[in-house]
Amino acid sequence: MVALDIDGTTIRHDTSLSPRVRDAIHAHLDAGTHLVFATGRGITGTQIALADVGFNRGITVMCNGAVTASVGGELPDSVTTALPDFLDDDGPVYRLVEAHTFNPRREIEVLSAGLPDDVWYALETLDEPTRVTYPFPADELSGPSRLVSIDELASDQATRLTVRAAKMSAHELLEAVNQLGLRGVEYAVGWSAWMDITPEGVSKASALESVRRRWGIDLAHTVCVGDSGNDVDMLAWAGLGIAMGNAPDYVRDYADAFTDHVDDDGCAAVLESLLP
């Protein structure tokens, strides 16, 4: 079982996909590898990325572990609900395998009181447009959205709350949030000042463990590749955790090994080394 992060691992930060990485992915799919994409992206963002990859059948973990979906019919006996597809194309159907929702009302109150006024917020659910407090750029937030006030942001069916601090560094945002003392949720900051908040106990690692058990795969036979703060749990969880060359030092500390930079096809190097 091989789990790949998407942004900064499978695809470059400019969202382009290397032909070498794509070929390596499809070589594993042809070989029968249990390949899973594990991302912080929401449902629509994941669909867009995996359409570029050409991933039409398998499992994907989204929203940093809050949502696990079957792509194109994988695990047909355990899924029933079709997730929305805002791409309006003939791509594979995404069906819900597992979801963890929560209401981040308290976290929104703490964050909005403690962070600068120019911080943006977005809240995703399973089946409605993303609620945003500011019009996010199209390349930062995929799919339809609805502008709301901070008082209208919370929902009982939230899968992910995103905090975007355009005028702060990733380190500054993480330090500021740590000082606010959030409790009862999981949160991670990526390579930019973009923080995702998910239900307590939910992470890429927890979702991948559930997938591993469904497939009956020995933990020692799992490999994960990632580059950012929301990947540290899965890197530590895997039998072999590999950090990208572009990963910061604190992420590398959780990995067993590291590969080349995303711009130098580090993910492809890992995948190629695992092929017979």
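Reader: Which residue of β7 stands opposite Leu123?

Author: In this predicted model, Leu123 stands opposite Arg131, a residue of β7.

Reader: Why is β6 called largely enclosed by the rest of the structure?

Author: Buried means a relative accessible area under 20%, and 6 of the 6 residues of β6 (residues 120-125) are buried, so the strand is described as largely enclosed by the rest of the structure. In a regular strand the side chains alternate between the two faces of the sheet. In β6 both faces are covered, with Trp120, Ala122 and Glu124 buried on one side and Tyr121, Leu123 and Thr125 buried on the other.

Reader: How do you know that α2 is mostly covered, and what covers its buried residues?

Author: Of the 11 residues of α2, 8 are buried, and among them are Ile43, Gln47, Ala49 and Val53. What covers these buried residues includes the helix α1 and the strands β2, β3, β5 and β6. Helix α2 (residues 43-53) lies across β2 (35-38), β3 and β5, and runs at about 140° to β3. Just after the helix, Gly54 takes a positive phi of about 85°.

Reader: In what order do the strands of the open sheet come, and which are the edge strands?

Author: The open sheet is formed by 8 strands in the order β5-β4-β3-β2-β1-β12-β13-β14, with mixed pairing. The edge strands are β5 (94-99) and β14, since each of them pairs on one side only. Within this order, β12 (residues 223-226) and β13 (residues 240-243) pair in the parallel sense over 4 bridges, and Val223 stands opposite Leu240 of β13. Helix α8 lies across β1 (2-4), β12 and β13, running at about 170° to β1.

Reader: Why are α1 and α8 called roughly parallel to each other?

Author: The axes of α1 (residues 19-31) and α8 come within 9 Å and cross at roughly 30°. Angles under 35 degrees count as roughly parallel, and α1 and α8 are therefore placed in that class. Their crossing is left-handed. Where the helices meet, the residues of α1 are Arg20, Val21, Ala24, Ile25 and His28, and those of α8 are Ala268, Ala269, Leu271, Glu272 and Leu274.

Reader: Why does Asn246 count as buried, and what is in contact with it?

Author: Asn246 has a relative accessible area of 18%, and the cut-off for buried is under 20%, so Asn246 is buried. Asn246 is found in the loop between β13 and α7 (249-252). Leaving aside its neighbours within four places in sequence, Asn246 is in contact with Gly8, His13, Asp227, Asp260, His261 and Val262. A polar atom of its side chain lies 2.8 Å from the backbone nitrogen of Val262.

Reader: Why is Ser16 called partly exposed?

Author: The relative accessibility of Ser16 is 23%, and partly exposed covers what lies between the 20% limit for buried and the 50% limit for exposed, so Ser16 counts as partly exposed. Ser16 has its place in the loop between β1 and α1, and its side chain makes a polar contact of 2.6 Å with the side chain of Asp14. Ser16 and Ala49 are 33 residues apart in sequence, and their C-alpha atoms are 9.5 Å apart in space.

Methods: Residues are numbered from 1 along each chain as its sequence is written. This is a predicted model: local features need pLDDT of at least 70, side-chain atom pairs count only at pLDDT 80 or more; totals for chains, interfaces and linings use all residues. Side-chain values use heavy atoms; hydrogens and water are left out. Two strands pair if DSSP finds at least two bridges between them. Helices (H or I, at least four residues) and strands (E, at least two) are DSSP runs, numbered from the N terminus. Contact means heavy atoms within 4.5 Å. Axes are lines fitted to C-alpha atoms, for helices over the stretch in contact, and angles run from 0 to 180 degrees between N-to-C directions. Buried means under 20% relative accessible area, exposed over 50%, partly exposed in between (1.4 Å probe, protein chains only). A polar contact is a pair of N or O atoms within 3.5 Å; within protein, one must be able to donate a hydrogen and the other to accept it, and residues adjacent in sequence count only if both atoms are side-chain atoms. Angles under 35 degrees count as roughly parallel, over 145 as roughly antiparallel, 65 to 115 as roughly perpendicular and the rest as oblique. A crossing is left-handed if the near helix is turned anticlockwise from the far one by less than a right angle, and right-handed if clockwise.
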